[in-house]
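Here is a briefing on the fold shown below. Keep the structure open while reading the points that follow.

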Amino acid sequence: MGHYGNEIADLLAKRGTKKGLPEGEALVLEAPRKEDEGIKDAHDIPAPYSLLTLTIREGVEKWWTDRWHAEEKGGKEIYRQTKYFFQRPDKEKSRTIMNHSKHEVGTMIQFITGHCYMKRHQALVDREEAPDKIKCRWCKQYEETPFHTIWNCDALYQSSVEFFGEQEGDPNEKGFSISWGALKLKKFTQLPRIASMLTPDLDEVT
Ligand SMILES: [Zn+2]
């Protein structure tokens, strides 16, 4: 089994060296063909392993970006909450999150994706749509979501400005995202009022 995989990797490397990889052309994984065996010309030098990893990485990034913008091509809206934080895939910013502890990364990802214990998401999980059940526990005006705590919660306004500055823009505009950084976000999620929103309500958990 291992040998077979290695053979494919070798052949792909050889083809990579012989043909190069024109821009936009995907490297197709396929079984070795008979005519590929015994290549002995001057090009018969295995491409560096980095060519394969680069090609795979580029493919994954393309797939990631395409999915991110799928709705612009008529797909249904996805990652709505996350897009308030990332208007496009952003490796640098992702890395600043991943540099934290497992628990902190988990909390930040819950916050960014909206998949957390805040009321709006909890209502979706519980299939409980009563408007008063999803209102923010602090301002009681808007749906309780992570985005709300930064964007338009009167009760949390001071903390929001302290950690993220004044927010600008129009959330309904394409390409909108809030202004934030991972370190500040981590500290924001640790504020008692925010932390309590990210913790399950033990009274209601039976
Ligand atoms: Zn609020």
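**Helix α6 and what follows**

In helix α6, which spans residues 119–126, K119, R120 and H121 are buried. The model is a predicted one. α7 (131–134) is among the elements that cover the buried residues of α6. R127 comes after α6 and has a positive phi, near 55°.

**Overall make-up**

- The protein has 11 helices and zero strands.
- Read from the N terminus, the order of elements is α-α-α-α-α-α-α-α-α-α-α.
- The protein has 206 residues, and 16% of them count as buried.
- Take the contacts in the protein with a separation of 6 or more: 57% of them join residues 24 or more positions apart.

**K140, a loop residue**

- K140 sits in the loop between α7 and α8 (146–151).
- The phi of K140 is positive, near 60°, and K140 is not a glycine.

**The largest nonpolar core**

- The largest nonpolar core contains 15 residues.
- F85, M108, F111, I112, L185 and F188 have the most contacts inside this core.
- Which elements give two or more residues to this core? They are α5 (102–113), α8, α10 (182–189) and α11 (192–197).
- α5 gives the most to this core, with three residues.
- I112 is in contact with T82 and F85, leaving aside neighbours within four places in sequence.

**α5 against α10**

- The axes of α5 and α10 come within 10 Å of each other and cross at roughly 90°.
- α5 is therefore roughly perpendicular to α10, because angles of 65 to 115 degrees count as such.
- On the α5 side, the contact is made by E104, T107, M108 and F111.
- On the α10 side, the contact is made by A182, L185, K186 and T189.
- By class, the residues of the contact of α5 with α10 are four nonpolar, two polar and two charged.
- Two residues of this contact, M108 of α5 and L185 of α10, are also listed among those with the most contacts inside the largest nonpolar core.

**α9 against α10**

- Helix α9 (residues 157–164) packs with α10 at an angle of about 155°, and their axes are 9 Å apart.
- α9 is therefore roughly antiparallel to α10, because the angle is over 145 degrees.
- The crossing of α9 and α10 is right-handed.
- Which residues of α9 and α10 meet? S159, F163 and F164 in α9 meet K184, K187 and F188 in α10.
- The contact of α9 with α10 has three nonpolar, one polar and two charged residues.
- F188, part of this contact, is also listed among the residues with the most contacts inside the largest nonpolar core.

**F164 in detail**

- F164 lies in helix α9.
- F164 is partly exposed, because 17 other C-beta atoms lie within 10 Å, and a buried residue needs 20 or more.
- Which residues does F164 contact, leaving aside its neighbours within four places in sequence? The contacts are I150, I178, S179, W180 and K184.
- F164 and G181 are 17 residues apart in sequence, and their C-alpha atoms are 7.6 Å apart in space.

Notes
Residues numbered from 1 in each chain as written. Predicted model: local features only at pLDDT ≥ 70, side-chain atom pairs only at ≥ 80, totals over all residues. Buried ≥ 20, exposed ≤ 12 C-beta atoms within 10 Å, placed from the backbone. Helix = DSSP H or I, 4+ residues; strand = E, 2+ residues; numbered from the N terminus. Contact = placed C-beta atoms within 7 Å. Core = buried A, V, L, I, M, F, W, Y, C linked by C-beta atoms within 7 Å. Axes fitted to C-alpha atoms, helices over the stretch in contact; angles between N-to-C directions. Parallel < 35°, antiparallel > 145°, perpendicular 65-115°, else oblique. Left-handed = near helix turned anticlockwise from the far one by under 90°. Nonpolar A, V, L, I, M, F, W, Y, C, P; charged D, E, K, R; others polar.
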